[in-house]
Amino acid sequence: MSMPEFVQFHDVSAGSSGGTHPIEAWMQQLSEDGNPFTFTPQILHLHKDHELFEDGDIQRHLYLRDLYISETEEKTTLSVSEFACHIFGCHARFNLLQEYEHHYNSLHRNMCSSCRRCFPSARLLDIHIQEWHDSLFAVLAQKQDMYLCLVEGCELKFRTAKQRKDHLIRIHKYPPDFRFDKPKKERGNKDRRGQEQKVIEPIDDVCQSEGVCEDICNPMSDQPEKEESMEVCEKEAAHMEDMPTPVQDSEVNTPTSKPQSSYRIPKSVCFGHGSSRGFRGQRGRRK
Amino acid sequence: MWRPNIIHRRSRWHQNNMDELRLRRRENERALRQDRRDRQLLSKRLLLYEEETEATMETASREQDVVSLLCKLQRRGSAKEIHLKALSKVLRDPAAQLSFIKQENSVHVLVGLLTGFDAQCRLLAVRCLHELSYSPDTNVASACMPSTPYLLTYLSGQTTKFTEMCLYTLGNLCLASKAVKEKLLAQGIIPALASCMENQRHNLAVVEAVAFTLSQLLQTRDSVQEIVSIVMASSLPSHLLSFLTPDSEFGLGAAIECAWCLHYLVSSSEDHRNLLARGALLHCSSQLVTLSVAVTQRKQQDKTELLVCPLLRCVGNLLYFCPVQDLSKHVAIIQLVGALCVLLNTYQHSSPSLARETAWVLNNLTAHSTKCCSAVLTLNLVSSLIQLLPVSQGINTMVLRIFANIAHKSKELCIWLTQLGLLAALCSTLKMADQEMVTLSLDVLYMMQLSSPQVKHQVLREGGASLQEVIQCNSERAIRQKASLLMDKLLT
């Protein structure tokens, strides 16, 4: 619709000269049939016993009983509307929008639809999808260097995941237990294959976060999918504890001298049950 | 400058008893909330003058005191003044009150002294009756009924202290029981109050007492329509309206009582045209405008909120009955819109419930009036309203309704709202836990995107991601569908 010309404001209820008056046309647009946006301005009449009047009535009667204290003396804290994460199964709530957005971006964005893991960036997600779920990748990796360095800007590629890991540790000073560079596990694959076939309707399941979110992995629902992801989660943890024969890559001997650091993941760390504190530390580094 | 004859009333709480006061207040607050739920929220008032607040002496047996004092009072020629004074102190004790009314002819003796030739004895006798009227025990209060015809007669007297005492006694007695109230009505309490207010209109302490007594009558549930119609037929509404403007701090008490009477009248009356014709909306709204200036210079112990509250309610409910084409006759629109926003900002931290009531009035004002909606924009009030969108306890839902009211009026106002940055705020409100906020946000966005192609494009650009999250993630199906429909509209 084209912009109407300048219109003199007049009260809505006043009669108009013709049916093509811009205000009337606007009204008609708003009330077209089948429109579910049913908001209409309303004058709300409140009876004297309405709950909206409760506090004011109490103050009045405290005053009559000589117990009134002016509010200037009593500092009340402001009550804010909470922001809720609406992802199914995630019951996190936040007072500040920034906190909510950080939560959402960290834990629900960049989610792999196959295995429902979440990654802190689109790039890591792409790498993950390629390395874990792309069969062509597996084929190509046998012949050429396919494992891309995780550090943005460093375009080096490696023949194996382990070589890349060594590179990350040696050159980029990454920790040996960097959470976003977990090697693909054969054992876990069987479980995940079943999951890959599942149709994911508007994020109807909680994603499996890489190392964070106590909220998500708390067993709150009785959904079967949830239990499975929990299972994977636990299995992974168990598996991690079994290291230090860490990876099942073909390479056992590293070309460079093995760094002092080991690949052992501390038993206390459970992927998917970790706390967000550790995550934030890593996150800052990545940036 | 004329000043009224002020009787110095002493608050029962000293400044250095603030902790105790706070404790008592908390305890009382719980009880009051329950009373309100039970529809039994009623309060009496005890008038205490400075000279009467000396500590009473502890005596062994109150009952013996009562009996002995009563005997002394019945004897001829005794120093009745002294005994009455002592009796009034004794009667502060609830047990003594019960004991007193059980004695034969006790109230009759008091009534005799009330109507006797000794003026000081009259005053002391009414003091005793006032203590009895304050009793929570219905029997005690009902026992005072023989005195009421005289109390009503004395309302036409001229002594401030005496008249005040009579009025507060009557006000307390109104709450005693249905039978007591009906008797008072039959004895002509309302015309007596009307003429007292008329005759004593220069005496703000008496005006406050009259209005208090009237408020007690208007609050009770039984025969409220009968009472309201008698009040509306009298000169009381006009007088009540004339006292809304407090003459510095002395008049604040009177203004508060008058405003609460008006609130009860507006709530219960069926004849709103009468109220509007008498200028109720005009007076209440202009007083709010005056107060909005005063509240920004708030001092300690400020009781202005007690006046703002009933005025807001009167305006809010009267707007329901005022045809929108007559609005400018009753309301200085620009000033009132500005005043309400000032009140909103002032009270959002200190008194959220009052902020909520203010937002409610602003909703009622902007619901059907394009002038009011335009005023919000021309007075640069949008940004301060946007800042209230995170505030819960019913404030943000009301503020969002106000924005919806504005958007509903015309395309131009939608475009204007967009230019003032409402879109960014709506992207946040879409993420809130409160589903009413999410629904209202969708409604406003729908209206905004209809207003022009540019705004539509802007809504898609700024709000598309947030909208997508609602479509995918909101737990309520109806909301997901609405968001989805909106997205479809944005993409076509």
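Modeller: One term first: angles under 35 degrees count as roughly parallel, over 145 as roughly antiparallel, 65 to 115 as roughly perpendicular and the rest as oblique. As for the ground rules, this is a predicted model, so local features need pLDDT of at least 70, side-chain atom pairs count only at pLDDT 80 or more, and totals for chains, interfaces and linings use all residues. Residues are numbered from 1 along each chain as its sequence is written, chains are lettered from A and ligands numbered from 1 in the order in which they are written, and side-chain values use heavy atoms, with hydrogens and water left out.

Colleague: Let's start with chain B, then. How many helices are there in it?

Modeller: Helices (H or I, at least four residues) and strands (E, at least two) are DSSP runs, numbered from the N terminus. The C-alpha atoms of chain B fill a box of roughly 100 × 45 × 40 Å along the principal axes. Chain B has 0 strands, and its helix count is 29.

Colleague: What percentage of chain B counts as buried?

Modeller: Buried is under 20% relative accessible area, exposed over 50%, partly exposed in between (1.4 Å probe, protein chains only). Chain B has 492 residues, and the share that counts as buried is 59%.

Colleague: How do α17(B) and α18(B) lie to each other?

Modeller: Axes are lines fitted to C-alpha atoms, over the stretch in contact for helices, and angles run from 0 to 180 degrees between N-to-C directions. Residues 280-295 form α17(B), residues 305-321 form α18(B), and the two pack at about 140° with their axes 9 Å apart. At that angle, α17(B) and α18(B) are therefore oblique.

Colleague: By class, how many nonpolar residues has that contact of α17(B) with α18(B)?

Modeller: Contact means heavy atoms within 4.5 Å, and α17(B) brings residues including Leu281(B), Leu288(B) and Leu291(B) to meet, among others, Leu311(B), Val315(B) and Leu318(B) in α18(B). Sorting by class (Ala, Val, Leu, Ile, Met, Phe, Trp, Tyr, Cys and Pro nonpolar; Asp, Glu, Lys and Arg charged; the others, Gly among them, polar), there are 2 polar residues, no charged ones, and a nonpolar count of 13.

Colleague: Is Asn396(B) buried or exposed?

Modeller: Asn396(B) is found in α24(B), residues 395-409. Leaving aside residues up to four places away in sequence, Asn396(B) touches Ser81(A) as well as chain B residues, including Leu389(B), Pro390(B) and Met437(B). With 1% relative accessibility, Asn396(B) is buried.

Colleague: Which residues of α24(B) make the contact with α1(A)?

Modeller: Helix α1(A), residues 22-30, packs with α24(B) at about 120°, axes 9 Å apart. That angle makes α1(A) oblique to α24(B). From α1(A) come Ile23(A), Trp26(A), Met27(A) and Leu30(A), and from α24(B) come Ala407(B), His408(B) and Lys409(B).

Colleague: Now the backbone. What is the phi of Asn105(B)?

Modeller: Most residues other than glycine have a negative phi. Asn105(B) sits in the loop between α4 (94-102) and α5 (106-114) of chain B, and is partly exposed at 45% relative accessible area. Asn105(B) is not a glycine, yet its phi is positive, near 65°.

Colleague: And where is Asn380(B)?

Modeller: Asn380(B) also has a positive phi without being a glycine, at about 60°. Asn380(B) is exposed, with 60% relative accessible area. Its place is the loop between α22 (370-378) and α23 (382-386) of chain B.
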